[in-house]
Amino acid sequence: MDVDLLRNVSILRKLSDEELRAFCALLLEREVKPKERIIEEGTPVKNFSIVMEGVVHIRRMANKREMLLGRLGPGGFFGEINLFDPGVATASIYAMKTTRLAYVDYEAFHKFMESNAAAGYKIVSSMMTEMARRLRQTSARLVNTAYWSSAEGALPPRAGAPNEVPPAPEEPSEPVNPRPPL
């Protein structure tokens with residue numbers, strides 16, 4: 001495993017060289033072919049993965065179609081949600097070209113963080129920063145989508161608020177001349 005490549009992973013940047021080498025010892029590698037599905041939405045996830053080379057797409061089903069949520073290149077990671085909240089995959093992950101992944105199963109990752117508290121704190125702190133950034137991006141996309149999908153571009157009524165129709169804009173008192181005078 002190339003420790004120098006791991007230094008470029010956002011969640012591992014704060015680790016000392018010794019901590020990074022210890023974490024690196026946990027990782028296994030896997031090569032994925034183009035168009036291969038790495039994770040299927042709705043299935044159990046058991047590993048945290050880091051993209052070492054290549055590109056992956058994150059897609060989620062919506063109205064019987066897969067929507068592209070994002071793309072990760074070298075240094076990107078996935079599988080972090082189930083590291084903290086075990087369950088099924090919230091999205092599918094596909095390799096878009098030949099991709100090399102480094103991965104660690106959750107149990108080994110948890111044991112590492114328990115036995116290396118300082119390194120574990122650095123990783124989790126950096127991971128939460130990245131997850132917060134992703135949540136902000138997702139929220140911004142959701143608001144933008146809600147705006148553009150609305151017929152009037154208006155927000156839906158608040159829960160418990162009466163369904164009020166906003167007043168129509170006032171009509172101009174003078175006719176509007178579409179052409180300026182010559």
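Guide: What follows goes from the overall layout to the sheet, and then to the rings. The model is predicted. The protein has five helices and eight strands, in the order α-α-β-β-β-β-β-β-α-β-β-α-α from the N terminus. Of its 182 residues, 32% are buried.

Four of the strands make up an open antiparallel sheet, ordered S1-S8-S3-S6. Its edges are strand S1 (28–32) and strand S6 (77–78); each has a single partner strand, so one side of each lacks a neighbour in the sheet. Strand S3 (residues 47–53) and strand S8 (residues 99–105) are antiparallel and joined by six bridges; Glu 53, for instance, has Arg 100 in S8 as its bridge partner. Across S3 and S8 lies helix H4 (residues 106–115), at about 65° to S8.

Now the rings. The count of aromatic pairs is four. One of them is Phe 23 with Phe 112, edge-to-face, at 5.5 Å centre to centre and with 65° between the planes. Phe 23 belongs to helix H2 (residues 17–24) and Phe 112 to helix H4, so this pair ties together parts 89 residues apart in sequence. Both Phe 23 and Phe 112 are buried. A further pair is Phe 48 with Phe 109: the centres are 5.3 Å apart and the planes stand at 70°, so this pair too is edge-to-face. Here strand S3, which holds Phe 48, is linked to helix H4, which holds Phe 109, across 61 residues. Phe 48 and Phe 109 are both buried.

Ring pairs join Phe 23, Phe 48, Phe 77, Phe 109 and Phe 112 into a cluster. Phe 77 also has a charged residue over its face: Arg 134, at 4.5 Å from the ring centre.

The charged end of Arg 59 sits over the ring of Tyr 94, 4.8 Å from the centre. Tyr 94 is part of strand S7 (residues 92–95), where Ser 92 and Tyr 94 point one way, Ile 93 and Ala 95 point the other way, and all are buried. Strand S4 (residues 56–62) pairs with S7 in the antiparallel sense over four bridges, and Arg 59 has Ser 92 in S7 as its bridge partner. S7 also pairs with strand S2 (residues 37–39), again antiparallel, over two bridges; there Ile 39 is the bridge partner of Ile 93.

Technical notes: Residues numbered from 1 in each chain as written. Predicted model: local features only at pLDDT ≥ 70, side-chain atom pairs only at ≥ 80, totals over all residues. Heavy atoms only, no water. Buried < 20%, exposed > 50% of the residue type's maximum accessible area, 1.4 Å probe, protein only. Pairing = 2+ DSSP bridges. Contact = heavy atoms within 4.5 Å. Axes fitted to C-alpha atoms, helices over the stretch in contact; angles between N-to-C directions. Phe/Tyr/Trp six-rings, centres within 6.5 Å; stacked < 30°, edge-to-face > 60°. Lys NZ or Arg CZ within 6 Å of the ring centre and 35° of its normal.
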